[in-house]
Amino acid sequence: VGVLEEECRWLNRRFFTFHREHRPYIILKWAQTANGFIDDDGKALQISNEQTQMLSHQLRAEEDAILVGHTTDIREHPQLTVRHWHGPNPKRIVLTHHRPLPQLMDDLYQHGIQSLIVEGGRQTHEAFLKAGLWDEIRVETAPATVSNGTPAPKLPAGVKVHSQQVYDKNIIVIYVKQ
């Protein structure tokens, strides 16, 4: 009892959250410039490098579902696949205003979805943050800057750094609830 307890909780976090909270384990994920923008004056911006893009696709292969907001889906038509990795594609979900987050969480729970990646824009991320529906936040920061754009979501209070890695000048920080 208690041997490697923290490591065991981390390995089984999806299962524990699913059964305890009756919702999937939720990973909020976004990429931002060094000066804190997620796009370039409203236009899509390639922030991830080749290595971090591959890691994103690896993450997708490990999780059950992936969600973007309606606006991101219309503007960018993201594939949300694992094309740079091997494994199954996550179930694709587009969030609309017609389905409140509590109902969505209930639907995902009823369908046995144990984990969800949120890769939407600022409004989608802020909706999840405001509702307290997150377990992990992954932020990739590139050294590039833009003069104007959509500001990245603000990290909520009560986060702690779980890990931090540098991949060819891009930094990925994983935050968890304290």
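Valine 139 stands opposite valine 173 in strand S7 of this predicted model. Strands S5 and S7 pair in the antiparallel sense, and six bridges connect them. S7 also runs antiparallel to strand S6, to which it is joined by eight bridges. Helix H2, considered last, packs against S5 among other elements.

**Strand S7 and its pairing with S6**

- S6 comprises residues 159-167 and S7 comprises residues 170-177.
- Within this pairing, valine 166 lies opposite isoleucine 171, while glutamine 165 lies opposite isoleucine 172.
- Two residues separate the strands in the hairpin of S6 and S7, where aspartate 168 adopts a positive phi near 50 degrees.
- Six of the eight residues of S7 are buried, leaving the strand mostly covered.

**Helix H2: the buried side**

- In H2, which spans residues 13-21, the buried residues are Arg13, Arg14, Thr17 and Phe18.
- These residues lie on the same side of H2, because the arc they cover around the axis is only 130 degrees.
- An α-helix has 3.6 residues a turn, so residues three or four places apart point the same way.

**Helix H2: surroundings and end**

- The helices against which the buried residues of H2 pack are H1 (5-11), H3 (50-62) and H5 (101-110).
- The strands packed against these buried residues are S1 (25-32), S4 (115-118) and S5 (136-141).

Methods
Residues numbered from 1 in each chain as written. Predicted model: local features only at pLDDT ≥ 70, side-chain atom pairs only at ≥ 80, totals over all residues. Heavy atoms only, no water. Buried < 20%, exposed > 50% of the residue type's maximum accessible area, 1.4 Å probe, protein only. Helix = DSSP H or I, 4+ residues; strand = E, 2+ residues; numbered from the N terminus. Arc of directions from axis to C-beta. Contact = heavy atoms within 4.5 Å. Pairing = 2+ DSSP bridges.
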